[in-house]
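I opened this entry to keep track of what I looked up, one topic at a time. The notes below follow the order of my reading.

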Amino acid sequence: MTTAITTLEAAIHTWWADATLPKAVALNSLLGVASLVTGDMQNDDGTFADVPYCTLNRESNSQAWQTNCGRFDSGLLRFQVWHSDHAAGMAIRQAIVNCFDNQEYEIDDVTIESMQFQNDLAIQEEDGVWQFLIDFSVIHKVRVA
Amino acid sequence: MAAVLTWRGDKFNQQLRSATTVGLQRATVFYHQHCRMAVSKPNSGQRVKVRRKTKGGNKRSRTIYPNPSKPGEPPRLRTGFGQRHILVEFDKSVPAGRVGIAQNAIYMFYLEVGTRRIRRRPWLLATLMKFQEQIGRLAATGGKGEIGT
């Protein structure tokens, strides 16, 4: 039994894996949706997963406006890609921007009205792994049953 | 009948720019202060007795920090080095302000975004989001006293 998508993060996962969208297919080919995690990528024993992977977190959420179609919220979504190779990580970063920037998406109870690229940076951690951080501002609506 | 039109636009533009600059400056300082306050919760060290051999001889005690921050909370204060190196900068010519950390306290940035081994302890963006309304209001109205002077 499949359950309806009711959260923004679940909608992003579905969008990433959507085989009907060419930009999502390109992104999925570089980094599969199985490597996308909401939260952090920590194993049961407290160690972190092997690279590459991507985490998704909502940094802020606030009510944008109320209409007769429902309540729209605005927030900041942060993708963090970890990769041992800089060029490959940059390619994934670009694919994420191509897939989500200035786009809209609708699935089940979630409507993403707009996602706009805000900010990004790349840093190399002490063990040599690269972290690519990409921020998007998002306006979305969740239909309440 | 003649009408006299006096143009005060230049003076008003100057006052408006001055008001904007003052407002932005106040908002930047406000944000900087609250960033420092966000990382001010202490994780004070405690000396505990140990017995171990080191190159310098037998060590009898060491310092532990028993109250670290939990993931998702702002980092807690040990020595204050990170807190002291949260810096503020304001450029009146633009005008623009920014709050950030010094290069030698780069670990505060790693705590903000997290690394593969350290879970995030957001303090910079979280403080901005928490006080977004006040910062916006200060930026918009903080310099209103400059208008009409």
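I noted that the model is a predicted one.

**Fold of chain A**

I went through the secondary structure and recorded three helices and six strands in chain A. In sequence order I read the pattern as α-α-β-β-β-α-β-β-β. I then checked the overall size: the radius of gyration of chain A is 16 Å, close to the 15 Å from the globule rule for 145 residues, so chain A is as compact as a globular protein of that length. Along the principal axes, I noted a span of about 50 × 35 × 30 Å for the C-alpha trace of chain A.

**Burial and contacts**

How many of the 145 residues of chain A count as buried? I wrote down 42%. For contacts in chain A between residues at least 6 apart in sequence, I recorded that 57% join residues at least 24 apart.

**A strand pair in chain B**

I then moved to chain B. Strand S3 of chain B covers residues 86-91 and strand S4 of chain B covers residues 96-101; the two run antiparallel and are joined by six bridges. I found that a hairpin of four residues leads from S3(B) to S4(B). I also noted one facing pair, in which B:Asp91 stands opposite B:Ala96 of S4(B).

Methods
Residues numbered from 1 in each chain as written. Chains lettered and ligands numbered in written order. Predicted model: local features only at pLDDT ≥ 70, side-chain atom pairs only at ≥ 80, totals over all residues. Heavy atoms only, no water. Rg over C-alpha atoms; globule rule 2.2 N^0.38 Å. Buried < 20%, exposed > 50% of the residue type's maximum accessible area, 1.4 Å probe, protein only. Contact = heavy atoms within 4.5 Å. Pairing = 2+ DSSP bridges.
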